[in-house]
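Here is a friendly set of questions and answers to read alongside the model.

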Amino acid sequence: MTVTTLLFVVFALFVGGLTKGVLGIGLPVVSMPLMALVMGVRPAVALLTVPLLATNVFQAFEAGSPWSAVRRFWPAMVTLAGGIAVGTLLIAVVDRDTLYLIVGTALIAVALQLSLNSSVRIPARAEPWLGALAGATGGVLGGMSAMFGPPLAVFLVGLKMGKDEFVAA
């Protein structure tokens with residue numbers, strides 16, 4: 001890795017971290033595309049794993065007790081783990097162009113959904129199975145791109161949670 005690449009990666013992580021600090025989400029959505037420009041998707045995913053895990057764990061505990069979120073969202077967490085395994089296998093076998101197409105399409109779809117239909121409300125009875133679907137989708141996408149958040153953010157926005165509860169979840 002050249003010094004220029006390293007400096008750009010540090011810049012990408014800084015901008016992503018700043019976004020996450022302000023909004024509570026956004027580290028991989030901002031950092032991943034920037035890092036992929038200079039190092040490709042696979043190394044960027046590997047490099048983002050530790051900062052993403054560390055910031056999410058810190059954020060969950062900083063927002064209060066994460067255990068209420070675990071009790072409420074366990075279906076999403078279980079399918080997220082399974083989706084990560086599938087996504088991690090896919091990143092190893094899917095060619096680069098197809099990987100870019102999948103990740104780009106998913107991000108565009110989520111951005112369109114959030115901007116065009118932010119008034120979606122998820123009823124309590126649908127929360128477990130929609131959470132499981134969001135977790136699985138986020139896991140597969142995250143395993144391939146380190147961007148777990150977009151499907152989960154759409155789900156959580158639909159629950160109309162308060163800011164602290166949203167950040168903890």
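Q: Are α6 and α7 roughly parallel or roughly antiparallel to each other?
A: This is a predicted model, where local features need pLDDT of at least 70, side-chain atom pairs count only at pLDDT 80 or more, and totals for chains, interfaces and linings use all residues. Residues are numbered from 1 along each chain as its sequence is written, and side-chain values use heavy atoms, with hydrogens and water left out. The axes of α6 (residues 127-145) and α7 (residues 149-158) come within 7 Å and cross at roughly 160°, with axes being lines fitted to C-alpha atoms over the stretch in contact and angles running from 0 to 180 degrees between N-to-C directions. Angles over 145 degrees count as roughly antiparallel, so α6 and α7 are roughly antiparallel.

Q: Which residues of α7 meet α6?
A: Contact means heavy atoms within 4.5 Å. On the α6 side, E127, L130, G131, A134, G135, T137, G138 and L141 take part, and their partners in α7 are P151, L152 and F155.

Q: How many residues of α7 are buried?
A: Buried means under 20% relative accessible area, with a 1.4 Å probe and protein chains only. Among the buried residues of α7 are P150, A153 and L156. The helix is mostly covered, and of its ten residues the buried ones number seven.

Q: Is L23 buried or exposed?
A: L23 lies in helix α1 (residues 3-23), helices being DSSP runs (H or I) of at least four residues, numbered from the N terminus. Its relative accessible area is 52%. Exposed means over 50%, so L23 is exposed.

Terms used. Helix = DSSP H or I, 4+ residues; strand = E, 2+ residues; numbered from the N terminus. Parallel < 35°, antiparallel > 145°, perpendicular 65-115°, else oblique.
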